[in-house]
Amino acid sequence: DIDPTVLSWAIRHNLSVDPSIQSRVHLFNNDVMKIENVPQVDILVAFNYGICYFHTFAKLINYLKKCKKAINSNSNGIFICDLFGGSQSLKKFQKVR
């Protein structure tokens with residue numbers, strides 16, 4: 001994440017709770033497109049609809065290629081992307097069909 005407070009929250013509420021997982025989790029305080037030598041992972045997650053920040057097709061494709069390169073090819077890894085968010089997601093509504 002580019003916001004260090006988000007990473008601090010993750011460490012306090014997740015990694016500190018179970019220290020045995022610390023060696024398996026990699027957190028980066030940087031722009032994802034600027035990170036070099038990303039470790040191979042089994043699960044790669046993009047939360048808080050961050051994928052929507054790529055406003056051109058070329059930038060989105062470059063991001064997805066970088067994600068694919070980071071997924072461990074020996075593990076049948078997975079990329080999970082959260083696209084639900086924004087101010088509308090906080091309002092209660094009923095969809096009429």
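Let's sort the residue classes out before anything else: Ala, Val, Leu, Ile, Met, Phe, Trp, Tyr, Cys and Pro count as nonpolar, Asp, Glu, Lys and Arg as charged, and the others, Gly among them, as polar. This is a predicted model, where local features need pLDDT of at least 70 and side-chain atom pairs count only at pLDDT 80 or more, while totals for chains, interfaces and linings use all residues. Residues are numbered from 1 along each chain as its sequence is written, and side-chain values use heavy atoms, with hydrogens and water left out.

**View 1. The lining of the second largest pocket divides into three nonpolar, two polar and three charged residues.** Here a pocket is an open set of points on a 1 Å grid over the protein atoms alone, where a 1.4 Å probe fits, with protein on both sides within 12 Å along at least five of seven lines; lining residues have an atom within 4 Å of a point. You'll find Ile35, Glu36, Asn37, Val38, Gln40, Lys66, Lys69 and Ala70 around this one. The volume, meaning the space filled by probe spheres set on the points, is about 170 Å³.

**View 2. The largest pocket holds about 1,700 Å³ of space.** Of its 38 lining residues, Asp1, Leu27, Val45, Ala46 and Phe47 sit closest to the centre. Helix α1 (4-15), strand β1 and helix α2 each give two or more residues to the lining, and α1 has the largest share, with six. (Helices are DSSP runs of H or I with at least four residues, strands are runs of E with at least two, and both are numbered from the N terminus.) Sorted by class, the lining has 26 nonpolar, six polar and six charged residues.

**View 3. Helix α2 runs through residues 57-70.** Its 14 residues reach 20 Å from first C-alpha to last, close to the 20 Å expected at 1.5 Å a residue (that is, 1.5 Å times one less than the number of residues). Buried here (under 20% relative accessible area, with a 1.4 Å probe and protein chains only; exposed is over 50%) are Tyr63, Cys67 and Ala70. They cover an arc of only 65° around the axis, so they lie on the same side of α2. What covers them includes β1 (43-46) and β2 (78-81). Turned away from that buried side is a face with the exposed residues Phe57, Lys65, Lys68 and Lys69.

**View 4. Asn48 sits in the loop between β1 and α2.** Asn48 counts as exposed because its relative accessibility is 54%. Pro19 is 29 residues away along the chain, and the C-alpha atoms of Asn48 and Pro19 are separated by 25 Å.

Key. The arc is that of the directions from the helix axis to the C-beta atoms. Contact means heavy atoms within 4.5 Å.
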